[in-house]
Amino acid sequence: MTYTIKTVAKLSGVSTRTLRYYDEISLLKPVMINSSGYRLYGDEEINRLQQILYYRELNFSLEEIKLILDNPNFDIKKALQIQYQQLLSRKERIENLLLNIKKTMQYYQGEIDMTASDKFSAFKVQQITQNEQQYGDEIRSKYGTDQVDQANKKYLRLTQADMDEMKLVEKQLFEQLAAYVSKPNLQGEIAHEIFELHKLWLSFTLPEYSADMHKGIVTMYVEDERFKMYYDEKEPGSAEALYQIIHHYVS
C-alpha cells in the first residue's frame, strides 16, 4: 500500500513541508515519485517515520537519528524496547518533579520542612537518569557497575554550592578549550589550565581519581560521537584537543 505525502502528514501530524525536508536530507525518502511529481510512501517508510518521531521525542537530533536508522545493524525490535524503557524513565523523572513541586508548595504553605538538599534532589535524580539513558551501557561496561553507582551516589550528595561550582568549572573549561583550539600548544599555560580544570571537574563525581581513568574518559570523548558532539558543538575540535592535552599531562 502507498500513501501520498498529504495522507502521511495527516496520519502522523508531521507537516508536508517537514516531510519534504526529511526527503532533502535523506532522512525519509519516498518509495517513489509518480508521473505527476507527487511523493508516495510505503509501509517501510511509515515505520521509519514512526521511529524518527520516537527518537525526536527522546531529544535526538536529526543527524543522530539518521546515523541510527541507516546503521545496517539497526534492529527495530530492540530499538522499541530501548525507547519504551527511556520513556518510562522520562515518566519517572516527571513524577519526581511533580512530587518535588508538591512538597515545595507544602513547604511554602508551612505544612512541612524542606532542607536545601530536598529542594534540588529531584533535579539531580533527573540528571542521573538522563546520563544513564545516554551513556550508561558504555560507562558501566568500561568502568564497572560499582564505580558508576559510587559516582552517582557522590553526585546525589552534592550541595547546591557544589553544583554551582561544578558548572562554573565546566564553563571555564569550555572557555579555555576555545582559546586553545584557536592556537594549540601542549606546552603552554592554557593547556595545563585545561588539564587542571578537567581534573577538578571530574573530582566532583569520581569516587577516586586515577590517571588511567582520566585517559579512558577522554578517549570516550573522541571515540563516541555523542560525547564528541557535546564538546565540539561549543567549539569544533574541542574533544580532540582535550584528548591530546589529558594524554600529554598524565603520561
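This is a predicted model: local features need pLDDT of at least 70, side-chain atom pairs count only at pLDDT 80 or more; totals for chains, interfaces and linings use all residues.
- Most residues other than glycine have a negative phi.
- Ser-26 is not a glycine, yet its phi is positive, at about 60 degrees.
- With a relative accessible area of 34%, Ser-26 counts as partly exposed, since that value falls between the 20% and 50% cut-offs.
- Asn-59 isn't a glycine either, and its phi is also positive, at about 70 degrees.
- You'll find Asn-59 in the loop that links helix H3 (43-57) and helix H4 (62-70).
- Asn-59 is exposed, because its relative accessible area of 64% is over 50%.

**Helix H5**

- H5 covers residues 76-108, which makes 33 residues.
- At 1.5 Å a residue, H5 should span 48 Å, and the C-alpha atoms at its ends are 47 Å apart, so the two values agree.
- Its buried residues are Ala-79, Gln-83, Gln-86, Ser-89, Arg-90, Arg-93 and Asn-100.

**The two ends of H5**

- At the start of H5, Asp-75 has a side-chain oxygen within 2.9 Å of the backbone nitrogen of Lys-77.
- After H5 comes Gly-110, and its phi is positive too, near 80 degrees.

Notes:
Residues are numbered from 1 along each chain as its sequence is written. Side-chain values use heavy atoms; hydrogens and water are left out. Helices (H or I, at least four residues) and strands (E, at least two) are DSSP runs, numbered from the N terminus. The expected span of a helix is 1.5 Å times one less than its number of residues. Buried means under 20% relative accessible area, exposed over 50%, partly exposed in between (1.4 Å probe, protein chains only). A polar contact is a pair of N or O atoms within 3.5 Å; within protein, one must be able to donate a hydrogen and the other to accept it, and residues adjacent in sequence count only if both atoms are side-chain atoms.
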